Amino acid sequence: MRDPDCIFCKIVAGELPATIVDEDERTLSFMDIAPATRGHALVVPREHTPDLLSIDADDLAAVGVATQRLARLVKDRLGADGVNLLNSCGAVAFQTVFHYHVHVIPRYEGEPVRLPWVPAPGDPGEIAAAAQELAGK
Ligand code: 5GP
Ligand code: ZN
């Protein structure tokens, strides 16, 4: 299945250019056109699906395995010191392309990428209340 208006479907179909670095039966990995760091790539399922909530479990697993492959490659071939994986689910969570994808972001000592929040201890009551709702209690 594909979405005729989706840029990542067009990349998968070879109708839009992309710099492909890895592929298998279910996934394609290509360079992000606006990289956060050197070697920033995106892993997508070949099948169109908007986001984490909708992706087929086998495609999700295949993307997971492909992200591990890419993470190993950026360490082995680009000399990355670490890797961040990022998936944005929903516009409020920064998603801009609505074809499921995972960012593989190589990390290098000394570069200025920062977390989008400031880690600080949370209110224990609030944490427990959210946990109860999550667990359906
Ligand atoms: P999101 O914001 O949805 O998590 O990530 C979308 C990513 O796709 C962005 O990092 C953006 O730079 C990248 N992107 C958008 N359009 C294109 C494109 O046409 N080609 C490639 N290679 N990357 C794209
Ligand atoms: Zn698509």
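The lining of the largest pocket divides into 20 nonpolar, eight polar and three charged residues; here Ala, Val, Leu, Ile, Met, Phe, Trp, Tyr, Cys and Pro count as nonpolar, Asp, Glu, Lys and Arg as charged, and the others, Gly among them, as polar. This is a predicted model, in which local features need pLDDT of at least 70, side-chain atom pairs count only at pLDDT 80 or more, and totals for chains, interfaces and linings use all residues. Residues are numbered from 1 along each chain as its sequence is written, chains are lettered from A and ligands numbered from 1 in the order in which they are written, and side-chain values use heavy atoms, with hydrogens and water left out.

First, select Asp32, His40, Leu86, His103 and Ile105, which of the 31 lining residues lie nearest the centre of the pocket. A pocket is an open set of points, on a 1 Å grid over the protein atoms alone, where a 1.4 Å probe fits, with protein on both sides within 12 Å along at least five of seven lines; lining residues have an atom within 4 Å of a point.

Next, display ligand 1, whose space is the largest pocket (more than half of its atoms lie within 2 Å of the grid points).

Then select Thr96: an N or O atom in its side chain is 2.7 Å from an oxygen atom of ligand 1, a polar contact (a pair of N or O atoms within 3.5 Å). Move to His101, where a side-chain N or O atom is 3.0 Å from an oxygen atom of ligand 1.

Finally, select Ile33, which has a backbone N or O atom 3.5 Å from a nitrogen atom of ligand 1.

Notes:
Polar contact = N/O pair within 3.5 Å; in protein donor to acceptor, adjacent residues only side chain to side chain.
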